[in-house]
Amino acid sequence: MSGARDLAYLCRELKHPSLLAGVGRLAERARADAWSHEDFLAACLEREVSARQSHGGEARVRAARFPARKALEDFDFEHQHSVRKDIVAHLGALDFIEAKSNAVFLGPPGTGKTHLSIALGIRACLAGHRVAFATAAQWVDRLGAAHDAGRLQDELRRLGRVPLVIIDEVGYIPFQGEAANLFFQLVSSRYERASVIMSSNKAFSRWGEVFGDDTVAAAMIDRLVHHAEVINLKGDSYRLKGRDLGKVPGDGDT
Ligand SMILES: Nc1ncnc2c1ncn2[C@@H]1O[C@H](COP(=O)(O)OP(=O)(O)OP(=O)(O)O)[C@@H](O)[C@H]1O
Ligand SMILES: [Mg+2]
């Protein structure tokens, strides 16, 4: 067998570039440790599978359209002590996606709602789940366009196949009639079928104002929190950390 050249050609033909990069070292280990032929083949294939999975992860991260890149490891729980690290770590294990349950982050500006949503979303992507991220206003625009084109149900069905939908910034821009209705349909179409992460600067008691309708808001909250981790973030904005804006930096919680 004319070894290396054949391998290079075959790996290129099969589009297995990472296998080609690793096969030399795997072969050395196979000889040193007297692997069986089957063990060697399995090690080669495993290498290619894990390379493909991590490539798929990056593709899913891009497709999710996160506004920034954030990681749970970079979240400072010392600064944000209203959040329990173990609860966030539990969410980070992603069982909630398998369980088709939700996470809701509530709190004032700059307290880490978007950071945690993105970090969980990226984890989900890397673990093999498809994710779609947008602000509440963007979701409403998208669903409104689908509605106007007469394909709202198709769009909701399509989104239903995405295991995690992230809805950021609920509450900054109030919804008018039809928008609240579209938003309700998004939440209700996912209830017990697929996960949602939602963030809001408004407490649930004020969602009636956001949606211009107490009944719609109540029905939405009901579906959202039936199976959900609801996390209340408190304190000052991390964006203003260390800035002297009338407070002594580092003088603790409010
Ligand atoms: N506890 C924290 N540790 C590390 N970085 C943090 C923490 N909290 C917030 N940040 C950072 O501060 C910035 C603001 O946080 P983030 O965007 O998550 O706030 P938010 O709660 O979504 O606010 P808003 O309601 O204004 O959208 C981001 O760059 C984020 O990464
Ligand atoms: Mg935010």
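Which residue stands opposite F105 in β4? In this predicted model, the residue is S199. Strand β4 covers residues 195–200 and runs parallel to β1. Four bridges join the two strands. Strand β1 is also joined to β5, which spans residues 228–232. This pairing is again parallel and holds five bridges. Here F105 stands opposite I231.

Strand β1 comprises residues 102–106. Five of its five residues are buried, so the strand is largely enclosed by the rest of the structure. In a regular strand, side chains alternate between the two faces of the sheet. Both faces of β1 are covered. N102, V104 and L106 lie on one side, and A103 and F105 on the other. Each of these residues is buried, meaning that 20 or more other C-beta atoms lie within 10 Å of its own.

A103 also belongs to the largest nonpolar core. This core has 46 residues. A103, V140, I167 and F183 have the most contacts inside it. Helix α6, residues 113–126, supplies the largest share of the core, with seven residues. In soluble globular proteins, nonpolar side chains tend to be buried together. Neighbours within four places in sequence aside, A103 is in contact with L91, F96, L120, I197, A228, E229 and I231.

At the level of the whole protein, the division is into domain 1 (3–64) and domain 2 (72–239). The C-alpha centres of the two domains lie 39 Å apart. Their contact takes five residues from domain 1 and nine residues from domain 2. On the side of domain 1 that touches domain 2, two residues are nonpolar, two are polar and one is charged.

How values were computed. Residues numbered from 1 in each chain as written. Chains lettered and ligands numbered in written order. Predicted model: local features only at pLDDT ≥ 70, side-chain atom pairs only at ≥ 80, totals over all residues. Core = buried A, V, L, I, M, F, W, Y, C linked by C-beta atoms within 7 Å. Buried ≥ 20, exposed ≤ 12 C-beta atoms within 10 Å, placed from the backbone. Contact = placed C-beta atoms within 7 Å. Domains from an automatic or database assignment. Nonpolar A, V, L, I, M, F, W, Y, C, P; charged D, E, K, R; others polar. Pairing = 2+ DSSP bridges.
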